[in-house]
Amino acid sequence: MIKEQNLWWISPELIKENEYYRKYQESKVKLEVTLPASLEPLSLNFLFGSRQVGK
């Protein structure tokens with residue numbers, strides 16, 4: 001069921017068919033975030049920010 005909602009998990013090329021992804025690609029403003037987060041196993045990272053922005 002979760003793969004049906006996230007088709008790019010099946011094929012990364014399918015994200016290009018997503019309406020929101022297309023709108024982002026067409027927008028003039030792009031947001032790129034680089035996080036100094038640890039990716040080590042058992043590390044704990046906190047993300048703070050506005051609600052419903054896809055953190």
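**Exercise 1. Determine whether Lys16 is buried, partly exposed or exposed, and identify its salt-bridge partner.**

Solution. Lys16 has a relative accessible area of 47%. Buried means under 20% relative accessible area, exposed over 50%, and partly exposed in between (1.4 Å probe, protein chains only). Lys16 is therefore partly exposed. Its side chain meets that of Glu13 in a salt bridge, at 3.1 Å from N to O. The term denotes a side-chain nitrogen of Lys or Arg within 4 Å of a carboxyl oxygen of Asp or Glu.

The model is predicted: local features need pLDDT of at least 70 and side-chain atom pairs pLDDT 80 or more, whereas totals for chains, interfaces and linings use all residues. Residues are numbered from 1 along each chain as its sequence is written, and side-chain values use heavy atoms, without hydrogens and water.

**Exercise 2. State how many salt bridges the whole structure holds, and describe the one between Glu19 and Lys23.**

Solution. The search finds 2 salt bridges. The side chains of Glu19 and Lys23 meet at 3.2 Å, N to O. Both residues belong to helix α2 and lie 4 residues apart, so about one helical turn separates them. Helices are DSSP runs (H or I, at least four residues), numbered from the N terminus. Glu19 is partly exposed at 40%, and Lys23 is partly exposed at 48%.

**Exercise 3. Locate Leu14 and list its contacts.**

Solution. Leu14 is in the loop between α1 (2-5) and α2 (19-26). Leaving aside residues up to four places away in sequence, Leu14 touches Leu7 and Trp8; contact means heavy atoms within 4.5 Å. At 26% relative accessibility, Leu14 is partly exposed.

Terms used:
Helices (H or I, at least four residues) and strands (E, at least two) are DSSP runs, numbered from the N terminus.
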